[in-house]
Structures are given as C-alpha cells and as structure tokens.
Amino acid sequence: MSDSEDDVVLSQLAVKTESPSTSPTSNDSDMDIDNKEHDDDSNDDNGGNDDDDDDDDDDYEDEDNIPLSRKTNRKVKVKKEISDEEDEDKPLAKKRKLSNGTAKKANKAATTPKKKTATTKVKKESKTTTTTTTPATTKRKTPAKATTTTKTPKTTKAKTTKGTTTTKVKAEPSTKKTTKASQVKKETSVKSETPESGDGGDDDDEEEEDAGYKWWEAQDEHDGEIKWTSLEHNGVMFPPEYEPLPSHVKLYYDGKPVNLPVEAEEVAGFFGAMVETDHAKNPVFQKNFFNDFKEVLKESGGCNVDIKEFEKMDFSKIYAYYEKKREEKKAMSREEKKRLKEEKDRIEEPFKTCLLNGRKELVGNFRIEPPGLFRGRGAHPKTGKLKRRVRPEQVTLNLSKGVKIPEPPAGHHWAEVRHDNEVTWLAMWKENISDSFKYVRFAANSSVKGQSDFKKFEKARELRQHVDAIRKDYTKMLKSEKMQDRQMATAMYLIDVFALRAGGEKGEDEADTVGCCSLRYEHLTLKPPNQVIFDFLGKDSIRFYQEVEVDKQVFKNLRIFKKDPKRPGDDIFDRINPSMVNKQLQNYMKGLTAKVFRTYNASKTMQDQLDLIPNEGTAAEKVVKFNAANRTVAILCNHQRTVSKNHGNSVQKINDKLRELIWQKIRLKKMILKLEPKLKKKDPKYFEELEDLSNEEIEHIHHLVIERHRQQVQKKFERDNEKLKLEKKPLLKKKDIKEKLDKITELEKEYKKELKTGKPEIPKGATVEKLKTQVENMENRIVSTTLQLKDKEDNSEVSLGTSKMNYIDPRLTVMFSKKFDVPIEKLFTKTLREKFKWAIESTDKDWRF
C-alpha cells in the first residue's frame, strides 16, 4: 500500500497524527494486578520457597486470594469524565474507554460523588470506571487526573524489626453499582468443601480416607464463595541462621584483610560463593550487589577499611572456603547423605501437611526463602540485589479461629494472624526485591489446586461455543473507522492466531519484557504484501522471534499503527491495554480473558495434532509422536529453553549406547553363522549388516564395555564397605573383588581375540533359535534408543513440560494413554501424575477437548 493510500485511511479514521499518544495507558494497574503477564522474577532460583514461575496456573488464581491488605490498601485514581464534545478517537492516555473499544460520552449521573466511590475489592473481570494501582507498580508520568482515596475500615498495625507492617481487615465494596462484567464470578476460584464428620476413629482409617478423597466425584461440595470451613497448619519453616566464617577466612580489600560485621560478612559470602559464575561477572549484578553490600555494612556499624571500589574487593579466600565445603558435600558417603536427608525430612515433616475441612492436605511451598542475591531472568535490572532475610514479624498466618496458633521462633512474634476463609493461602509475607507478596499455598496435588486446574480447563473448553462469534466480530472490526476499534481487533487477532500474551506496561526497574498490547515500534518489521517479523522479549525474558503471514487487513492496520510520526520506543497499540481487551472478551463469555484464549488454543492444537496420529507401532514410537504433538503446542506458546550444558554429553552417551546395541546385534548374528554357516546364503538380507562397524569402532565399544564393568565392580565395593562401616563389621579388601576383576580381564582378552578373528565365542547352551530371539530383542532396543535420541535432539531448545503442565488439558494426555495403550508413566512424570490424578481417574479413551 502506498503512502498516499495510508494517508487516505488515516484521514478516514480521523486520527490526530500531529500528536498521537505513544505513551502506555495510565492508571491501569488492574491490568498489572489481574493480568500479570510478565512476572518479576522475585521467585528466582535463590530460594527454596519459590513458586514455579513457569507455572502459569498462578495467572488463574482467584481474585479472592489477593490478601486483605492489598484489597484495601490501594490508592484509587478516578479519571475525569469526558465531555460530549470530546473527540471519540483521542489516545488512550487522554480519555476513558468502554470494554467494546469505543469511547463513551459522559453520563451526568457518573459525576456524582457516590458513583466516583471506588470498590476496595478488586475483581479480575469487573467493569469499573476506576482503575487501581499497587504500591509496587511503577508508572510513567501521565496527565493529571482527579484522584480519590478509597475509604477502608480501621486497620490493625503490627510492628516489625524493619519498620512497620500494616494489615487491614476485609472491606466490603463501597458501591452497589454493578455491570454485566462485574457480576461475573471467577470461574477459577476454589469452592468450599463440606467438612468431614468429626466423630473420631482410628488414625489409619483417617489417613486412608484422606488419600482416597475424590473431589471431582463430589461436585456439590465446592459451590459458593467460602473456600474452607476449617483450616489448621503448623506455620512456615524458616531457613537456618547464618554461621560466621572461620576467623582465617576474610574478604580482602586492596590487599588488606577486612573485619566485617556478621551481617555484612553474610552478604559478602553470598557473592564470594558464586564469584566464578556468569552472574557474578555481570556488571549490573556486581553494581547492585556492591550498593546493597555497602548499605548493609553501614547499617551494621562499618568495618576497619573504607570500602569504596568494587574492583578492589578480593573474594578468593571466601570462594575457596565455600568450594571446599561443596567438595566435602560431594564426597559424603551414600549413608551419610541418607542420614542427613532423613534428619531434614524429620524437621520438615510438621510443615508438609495441614488439615483442610478435617482432611489432611499437602502444603506446597512451606519454606521461607533464605536470604541471598537475586538472579532474575534475562537482563533483569535488579539482578544482584540482596534478598533480605524474612523474619516472623513480617509473616501473616491464615487459619481457623479457635485452633492452635503455631509458635513463632523464640523471641519473635507473627505480623498478624487472620481467619479469612475466602482465600486459600496459609501464610504470606512481602519480599524486598519487587515489593510483592509471597504466599504459602496448597500443594499442586491438593484438592484445592486440583479444583482450580479443573475449572481453568473447563473455562477454556467453554470458549468453543463462542470462538466463532468472537472471530467473526473482530474480523469485521478490523476495518472499523475508529482507530481504537482497529487496534482492539488487531490485538485480538494476534492473541488468537499467534497465542501472544496480552502484555502490560513495565516499570523502569523491571525487565523489558512485552506482550501484544505493549509491543513497540521496533518489535515489528513489516514485509509486503503481508509478512510480519516479531522480535521481542516475552515472559521470563525468552526471545519471541517469528516470521509469519497475517491477514491482509491486519498487515494494513499494523502499517497504519507504525505510521509517522511514530518512532522506535513508541507503542504500536497506544489506544488499548490488556484490561480493555479482557473486558471486550467478557462481552462474549463470563470470565473470558486473553489467558483463557491461550489455554484454549494450546489444548485445541493438541487435540488436532493427536487426531493425526495413527494408532499403530510400539509404545516408544507412539510416545515420540505424542511428544511431536506436544512440541507443536510448545512452539505455538513460545516455550523455549536454553540448550543445557550437559546436552552434548547426554547425546554422546545415547549415541554410544546405540552403537553398542548395534555391535551386540552383529555379534549375535556372527554366532548364528558360526553355528550354521549355510544360513547366510539362505537369508543374505538378514546378515547384510555384519560389516557395518569398522574395527576402530568395535575396539572403542570394547573399551567402553570393559570400563563400565570395572566401574560397576568398584562402586559396589565402595557401597558395601560404607554399609559395613556403619554396621561396625570388618571391611572388604581388594582381594575380595579380585575374582570379579579377573573375569573382566579375561573378557577383555576374549574381545581382543575376537577383534582379530572376527569370530565371537559361543556361550554354552546357545542355539540358533535362542540367538535369533536375542537379536529380535536387540532390534527393539535399537528402535527405542533411536527414538530416544531423536526426541532428545528435537526437544533440546523446546520446553515440553510448561505446556503439558499449564496449557494442555491433562485429560488429552490421559485420553491418548488409554486410547493408544501407552502407559501414563511414559507421558506424565510422577509429579504430574499426582497433580492430575483427577484427570487420570475421570477420563476415558473417547474424551475430547
């Protein structure tokens, strides 16, 4: 399309090109709260209490799981009403939009104080003319708005060691005004369960009953707003206190030893332990660490050296100390490691379970994250900052009234104890990196989480009934005369067709990750007639790079959206945001959001791919085909992963195993010919591979086999001695394994002779029939190993687990297992089998998404 044609279209759309809005939407923190597409990596690999960030189940969490303090402690900004004369196509930052993507003229009634009152309880799908912001969200400067602060009941404050923690009681909405969308109940919310009869009985019977509870067969037990009627647990597990370094292990500054206060020494140790890692060599990581280190040093009274430059700090002694500790841990005997694990399990046991409505349920992340240095994903601007130690005074517990409150560590107290049965978290606290809340929740295989998963996938299935109407409408709206409508339709097209996340504005202190609505000028390259190149960082800083063909009208719209005077850094979609997209979608279906669309497209794609697989071949062949279908979904959702450092070694081991199997098959066939030489003429094709391996390859295989046998004998010798040592019995001596080693040496000589003659020794009792049976078994193993190798290489850069856990309806996997006669253990890991027990027990071979 020529520039003149573009100008004509722009004039028809009545766009003010002299000053188009390229700033992100202001006052849209409901988008940040409820449509959190790009989580800060506050749950990074430093802590043992981290939720799985790849687990997008969190995207479907109930709005009722928002802590009460967050429900009531928000500042609410109210936008000015729009006059009748106001242009309907002004940029988003200058006016209010309706969920259908059009501007609404001011309603006189809306100017009354009562209508301006904001509700304190934020619903994900609620339609409201106000938008909320959280303290943790950083926004760019926007035009001044009329603001009002929500009124909340009295708050109760609990003092902490690091300032004051303010907690607030649950507040009811302050206005009765509702709209169609605000009346929608969260479909993913976890419903209440009927409490079990507490008539006592044998403990073993109770445990058996707990293990056998099938919530999916008791649908009447989870209706309503209340999430539980009774909840009892043992609190959270805190990390051990810091153990100071030995007196001779010190940080050096400009060649001089530094006597650090214990608080600063701990922080120095965090960096010293990882000084040889890629993280520690990152300048941003170093800068953030050094700033926080100096702050802790100042807080703890300083030291004997004036530390001003990071480059003069020498962590070599600290690194050597921790490296020695790591080596000592590796060198521990098997029995010692087992003893330590048993001790760890004993300490953790009280925290692993809770009583929910009288039933025992597993608790997920019951550990408080230990202090450390924040890593972050991708080029995170906060990488290297100190994750401070969490104290009991920062932790809020949630449990039933009247039950025993867990004892905090000696000399401490809890921030607050709540009794809120409309949420499903057991404890929460605020971490300092992103100023966000962390929660202790039920385990992935709990009934609470199971119901949440079930409802999430049922919501995606429900979309089947509406998807045609949605596509018809947004296709029509692609040609709308209003710029905002065109942007809305184009965004919905991209979210639907390419499974893009909705996206949202990021603060300056967050990683620059984007989604559909936050795409900028530089993220799209247009190639006529209708090719688009997407290149941006998505969630978790994973690069999204795709060259795709789009609808011609979509291409035309994108070209208009990039029209002058827009430049790199300007938003493509400057008149819409994720919240508006979700509200538009909810006109078609209750609770429908861009995330539901993503789940729907992933599961629908998987169903379509499984329909193409013929029910034939071995189980191993079927698994490879299933994984290929899974990979299609992972690519659609951009679930990539970096090739692991051990990938090359893993592939080499499989290749070695494959060559060894081929050698063993050839060797068996040579034995058959040695018994009956005439068979080669009768069936030449059967013996045509006898010369496939060179002498050099065979010699290498001999070496691998002999070395493996020797290592197996040596390892068993060491294990037996460890066991005898614990039992205080006499230890084995080298002469006790001499017989086994001598047999291996004899085998080595036999292989050398076989290499020269080309004729293997025939074992006693061998017959042609028995040898042929062994050949057949060997061929099956070769096929299986070949498929394993292909799968390994194909999936080296694709993460199948994320889509299988969070996006593909688990009932599709169970259906495939039952219909294609593939053991579920080959498709689901043990963790997933426990998480999706409800799907395994409730799905048959004819189920369809």
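1. Of the 849 residues in the protein chain, 48% count as buried. Buried means under 20% relative accessible area, with exposed over 50% and partly exposed in between (1.4 Å probe, protein chains only). This is a predicted model: local features need pLDDT of at least 70, side-chain atom pairs count only at pLDDT 80 or more, and totals for chains, interfaces and linings use all residues. Residues are numbered from 1 along each chain as its sequence is written, and side-chain values use heavy atoms, leaving out hydrogens and water.

2. The protein chain has 25 helices and 20 strands. Both are DSSP runs, numbered from the N terminus: helices are H or I with at least four residues, strands are E with at least two. Take contacts between residues at least 6 apart in sequence: 75% of them join residues at least 24 apart. Contact means heavy atoms within 4.5 Å.

3. Next, the core. The largest nonpolar core has 65 residues. Such a core is a set of buried Ala, Val, Leu, Ile, Met, Phe, Trp, Tyr and Cys residues joined through side-chain atoms within 4.5 Å. Helix α12 (residues 483–498) supplies its largest share, nine residues. Phe-534, Phe-573 and Leu-610 have the most contacts inside the core. In soluble globular proteins, nonpolar side chains tend to be buried together.

4. Look at Phe-534. Leaving aside neighbours within four places in sequence, its contacts include Leu-494, Phe-498, Phe-544 and Val-548. His-523 and Gln-546 are also among them.

5. Arg-631 deserves a look. This residue lies in helix α16 (residues 619–636). Arg-631 counts as buried because its relative accessibility is 14%. Beyond neighbours within four places in sequence, Arg-631 is in contact with Asp-791, Asp-794, Asn-795, Val-798 and Leu-800.

6. Now a hairpin. Strands β16 (residues 427–430) and β17 run antiparallel, joined by four bridges. Two strands pair if DSSP finds at least two bridges between them. Ala-427 stands opposite Val-440 in β17. Six residues separate the strands of this hairpin, and Asp-435 in the turn has a positive phi of about 55 degrees. From β17 (residues 437–440), Phe-437 and Tyr-439 point one way, Lys-438 and Val-440 the other. All four are buried, Lys-438 included.

7. Finally, a sheet. Three strands form an open, antiparallel sheet in the order β8-β7-β9. The edge strands, β8 (256–258) and β9 (313–314), each pair on one side only. Strand β7 (residues 251–253) and β8 are antiparallel over three bridges. Tyr-253 has Lys-256 in β8 as its bridge partner.
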